[in-house]
Amino acid sequence: MIKTEKILHLNSSKGRKVRVVREHYMREQVPCGSSLCQADCQNVGKVLSRDVTHYVVPDVGVVRDFLEILELRELQGIVLTQTAYQTVQHTRGRRHYNRLRSLLKDPRHDCVLFANEFQQYSYCPREKGESQDKWHTRNVYNAAVWYYNHLAGLQPVVMITEDRDAISEFSASNSGVFVISTQEYLLGFWPDLQAAHDLYHSIAQTLQERENDGAEKVYTEHLPAEVLEAGIKSGRYIQGILSVNKHRAQHEAFVRYEGSASKNTELNSDVLINGAKHRNRAVHGDVVVIELLPRNEWKGRTMALTEGQGEERPLEDTQSQPMPTGRVVEILQRNWRDYVVTLPPFEEMQSQSRNSQKILVVPWDYRIPKIRISTQQAEALQDQRVIVRLDSWESTSVYPNGHFVRVLGKSGELETEIQTILVENCIHVPPFSEAQLREMPVNTEENPWQMDSNEVSSRRDLRDSHLVFSIDPKGCEDVDDTLSVRTLPGGKRLELGVHIADVTHFVREGSLTDLEARSRATTYYLADRRYDMLPAVLSADLCSLLGGVDRYAMSVLWELDAETLEVCSVWFGRTLIRSSYQLHYELAQSLLNGEEVEVPELNPLKGSQRDQKMSELLQALETLTRVARHLRAQRDKGGALELEGVEVRAQLDEEKNITALVPKQPLEVHETVAECMIYANHWVARKIQESFPHHALLRHHPPPKQEFFNHLIDSAKAHGFSIDTRSNRALADSLERAVDPRDPLVNRLLRMMATQAMSNALYFSTGSCPEEQYYHYGLALARYTHFTSPIRRYADVIVHRLLMAAVQLEKDESPSKALACNKELEELAQHINNKNRAAQHSQKQSIELFQCMYFRDKDSHTDERCVADAVIYAVRANGFLAFVPQYGLKGAVYLKDREGQVISVDGDGKCEWKPGTLQKYSDKIITSTSTGTHTFYLFNHVTVRISVEPSRCHADSLNLELISNKPHCAVQPESQPAGGGRSGLVEEVVRWAEEASLQAEEQRGRKPKLSKEEKQFRQSKTPNLYVLLQEISELALMDLSICQITNSEEQTCTVSS
Amino acid sequence: MAGLELLSDQGYRLDGRKATELRKVQARMSVFAQADGSAYLEQGNTKALAVVYGPHEIRGSRSKSLHDRAIINCQYSMATFSTAERKRRPHGDRKSSEMSLHLKQTFEAAVLTELYPRSQIDIYVKILQADGGNYSACVNAATLALVDAGIPMRDYVCACSAGFVEDTPLADLCHAEESGGGTALALALLPRSGNIALLQMDARLHQDHLDTLMEAAMTACKEFSKVLDSVVRQHLEEVSDLTRD
């Protein structure tokens, strides 16, 4: 090692410049990270592949400003220098730096870091008078030259830079390294990569414009770090996350506390940030620091219902009590993502600015401010949905600056809107890459997949000893759970088995498929399609426990006492199974009911053999039902378990109105299967928690806060019921009693409100949570996890690995690989929770999208289908919230319009707008006009007309208009398809979309061109909604994830209240 | 600006060293003629000057004297120009007094004080340039000065600091690493016996990691002892060459 010194000029803590001398050690051996290395470098981790045409070394400026281009996976053979790496760290902040780090870590990107400044021959010290940028560029160039020589000229090396002088200076030196500009590089080497060219132009333009900016300040400057730190410590400033009110995006935003900053007891609520000035350039989701305003400037939140769009007039009279109000003084962390935007109409665009290159675009998300982008394709981008990224927001600019990334498609088209929903929820589901598919085992006609003999001998073979069967929704492809039950020899013991697809056998930890599954975290179900977490060869074939084929499984086997059904022992491990029957729920229920039905697997058999098989199956099903009933009863006896049952029914109630397909009473066999799965999950949770008390992945459901139940209690009281919310059991019992015999909807709505009051179940790592918080409130279990659906949930994959490690630990074998520590696991749990939330949001939004598309082409005044019955479930200052059971949608109904007119009801129930006043009470709202008064009570039935409120830049929304205060006489229209309700709706919309696209294609005289991947993975060909919703409902059976859908909806309502 | 990354993913520290590598050490003995013993030591960019007087009669009040051994008096100070920003008070502040006390404890454990009852040994150490690891530089320099003064010791006293970043122990921290906010530990070792003369740590560290961290610090100390030994031997050769004539 050679020691030199580096002189730096830094700012001291007091703001003075200081001269700092740092040591700098250099060595001869620095790993180069290329597989072409001739000098036996000790490369660890990622190496550059040898089969690329060249290596590219980007200059500091390129990495700093054009990182997004380097992030494209098509660009290969990138050598990042330490010089560039550190400059990014110093100049662009943590977020940018972390992106660079994850780029380097990600094995899907072909790039490495070369520590050039520690390599003796590639480092050059800064010369006297040399500017820092020049020095950096020289260092990068030297590194490129060293790299070229180090590989003995086997690979051409290209250095790209934005520095014109450097190009002319270094190209002349003739060292074998080509020095060109980024643009030339892209044109020369990647002429077909349009995405890169577009990105380059848009970023370059933005950079250029940022340079010649300079105007008066619109916002106050953010505070320097020292002042801030002291302020946060002393409690003068408060740190939190900014969330913007969707309905009043320009005016209202709230900051929620992070941590226990509430030294001030009066400040335990959120803090209101009123107006754009006080928000000071913060965007929804940013971590901000705020300062409270003096008390006389505090404001209240707005109570009235407002429409999502249109001008927002401040309504002073409808404000509530003043609440803590503050202003943003600094933004600690930007949480910017990709935003979908729409360009304004062309005429507007021309009047908008003098130079037509800068355009203000409107994001799809209401909570995001307009973004200024520069583009020359404004005309081409009309009526398209476009992705942009934010770059900066200077204090001199009213709007943030961004740049254009890519086009999604024409707005209003189904495909575009679905993509929009995915992007807005940060869901990234590209088709599986070739490298990932190459990892997959092959199973084709010619080359069938076979079991490995080593695996066969190491696993417990249940193929001959156990009767294994699966019960799933009809037409299900990815069967991840099967069941077995048998009487052990001697007759004193029963053996219950739950066998789950062994995904972890195929998906090795750290493989590309594993990484992809980890980043997706779950299979995404949208209204008409799904995006799988695992490639189809696994999810629908090799992992799927199909009937009649040998499969690997992970099993939990309980030995139960045949009489008392007490658990005597439990066994966990890897097994081999062959599922004998692939039943569906209806079939299983019919068998149990003793009806004559055909089991497809038994068809080829004849006579007595068939009868014998049949009776075997029947007996197994009956035993299973008995066991499940017992398990359930046992848990009921354990106390506080009843709510879970309620939840199930409440969920199914939800389901009913989504599908209108699920029978009124859920089949018992649903519960039987669910009960077995809950049991398996519970036992696995116990096992892994005992084996790994500090790093096991569990799932908990925190008890809800009592104040969230207020709405439920008040509403029930209005109808004469009392609801006891002290414990989950009391709540369940009182909900059970709150039934109005005349109107079954009342109970349903009350249950809905109860679900809304609950928080969500979440994954967590046992090391980061005290033991008393492991409790699952909804299921009333002390420990719970997810184990039974590894094909569509990544959490289950982790749990499988933990369980295997626990089993190995028991046998005193050391686990093959070190397990994730608590910190990593907790991060992963957060990631999965976030992705689950995104999955639910996107599902909800896609359902809303389909609702809007359904009503879009109907004339709401003539079409019978646009008039429906609705129930009032909450009262607001200028209207009420109503639920339409027929279509399963909720919305606001206004009783007062913009001109101040109110609804008046005449003799036969017809409604009109007339001048008058409104009075709101806790359980009713009264309209009084010259013709008389009318009262709307909670749970009243009314008739509404549904129409679509079209929106250019945002998602369309549905508008409910009151037309009568009488219940809508429910004539079941014959035009409704037999399935009715939502599924018919989805199918119809899909058909329209397909027809429309077909027509468009025909006009262009071309055949529809669907790529293979699309056919394979998007699966929009047969939108089997039934299957999909069954799967969701099963998910709901096991936890409360679905209630979040309604929950979030309700939250938006309450925020506006 | 993002916080400094003390240990990169490739395993390099800020100054290009690997986790276990030490800074470059250079030392000279007998730099002053007036004192009984003196030494100058550079440990990376940390430069320390140590001077030893004694053993001599107790100065000042006699009541301090011990009947069975010598007392050791240490004084630590930093030059005003030793840090990036000029220091106002070169000695006597809280930090220096603490450091003096630590040095005193260290050398009371190493010097055979019972050979000189009712007498006193003075050790003065001055940091000329501070770049992390001040304590260890002082101890190492003072050891050489004591050797130069001919005061019998049980063994060399070697000191080294070690830090803990991302589950990896780092040996011999520089200033940027010390101020980076991680855990730092200072250890003075008598390398041949493996006895610890002083161990000091202010920050929090999980109990499980203490052993690995101490192990790293002790290995580093043993490295230092080799360097110190070679310095002493070289000095001896030079001196004996001079006296032979």
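## Interface of chains A and B

In this predicted model, 28 residues of chain A are in contact with 24 residues of chain B, contact meaning heavy atoms within 4.5 Å. The two chains bury about 2,200 Å² between them, 47% of it on carbon and sulfur atoms, where buried area is the accessible area (1.4 Å probe) that two parts lose on being put together, summed over both. On the side of chain A, the residues that lose the most area to chain B are A:Glu23, A:Tyr25 and A:Arg27, which together account for 25% of what that side buries.

Three salt bridges are found across this interface, a salt bridge being a side-chain nitrogen of Lys or Arg within 4 Å of a carboxyl oxygen of Asp or Glu. A:Arg27 forms a salt bridge with B:Glu21, with the closest N and O atoms 2.8 Å apart. The elements of chain A that give two or more residues to the side touching chain B are strand E1 (2–11), strand E2 (17–26) and helix H3 (82–105); helices (H or I, at least four residues) and strands (E, at least two) are DSSP runs, numbered from the N terminus. By class, that side has 12 nonpolar, six polar and 10 charged residues, with Ala, Val, Leu, Ile, Met, Phe, Trp, Tyr, Cys and Pro counted as nonpolar, Asp, Glu, Lys and Arg as charged, and the others, Gly among them, as polar.

## A four-stranded sheet in chain B

Chain B holds an open sheet of four strands in the order E7-E6-E8-E9, with antiparallel pairing; two strands pair if DSSP finds at least two bridges between them. Strand E7 (168–171) and strand E9 (195–201) of chain B stand at the edges, each with a single partner strand, so one side of each is left without a neighbour in the sheet. Neighbouring strands are turned by 25° against each other on average, direction ignored. Strand E6 (residues 158–165) and strand E8 (residues 183–190) of chain B run antiparallel and are joined by seven bridges, and B:Ala159 stands opposite B:Ala188 in E8(B).

Two helices of chain B pack on this sheet. Helix H2 (residues 134–149) touches E6, E8 and E9, and its direction makes about 160° with that of E6(B), whereas helix H4 (residues 207–244) touches E6, E7, E8 and E9, at about 145° to E6(B). Axes are lines fitted to C-alpha atoms, for helices over the stretch in contact, and angles run from 0 to 180 degrees between N-to-C directions.

## A four-stranded sheet in chain A

In chain A, four strands form an open antiparallel sheet in the order E31-E32-E33-E34. Its edge strands are strand E31 (901–905) and strand E34 (932–937), each of which pairs on one side only, and the twist averages 50° from one strand to the next. Strand E33 (residues 924–929) of chain A is joined to E34(A) by six bridges, the two running antiparallel; the bridge partner of A:Thr929 in E34(A) is A:Gly932.

## Salt bridges and backbone geometry

Over all chains, the structure holds 45 salt bridges. One of them links the side chains of A:Arg138 and A:Glu127 (3.6 Å, N to O). A:Arg138 lies in helix H4 (residues 132–150) of chain A and A:Glu127 in the loop between strand E5 (111–114) and H4 of chain A, so the pair ties together parts that are 11 residues apart in sequence.

Most residues other than glycine have a negative phi, and most peptide bonds are trans. A:Ala152, which is not a glycine, has a positive phi of about 55°, and its place is in the loop between H4 and strand E6 (157–161) of chain A. A cis peptide bond, with omega about 0°, joins B:Gly54 and B:Pro55, and B:Pro55 is placed in strand E3 (residues 46–57) of chain B.

## Conventions

Residues are numbered from 1 along each chain as its sequence is written, and chains are lettered from A and ligands numbered from 1 in the order in which they are written. Local features need pLDDT of at least 70 and side-chain atom pairs count only at pLDDT 80 or more, while totals for chains, interfaces and linings use all residues; side-chain values use heavy atoms, with hydrogens and water left out.
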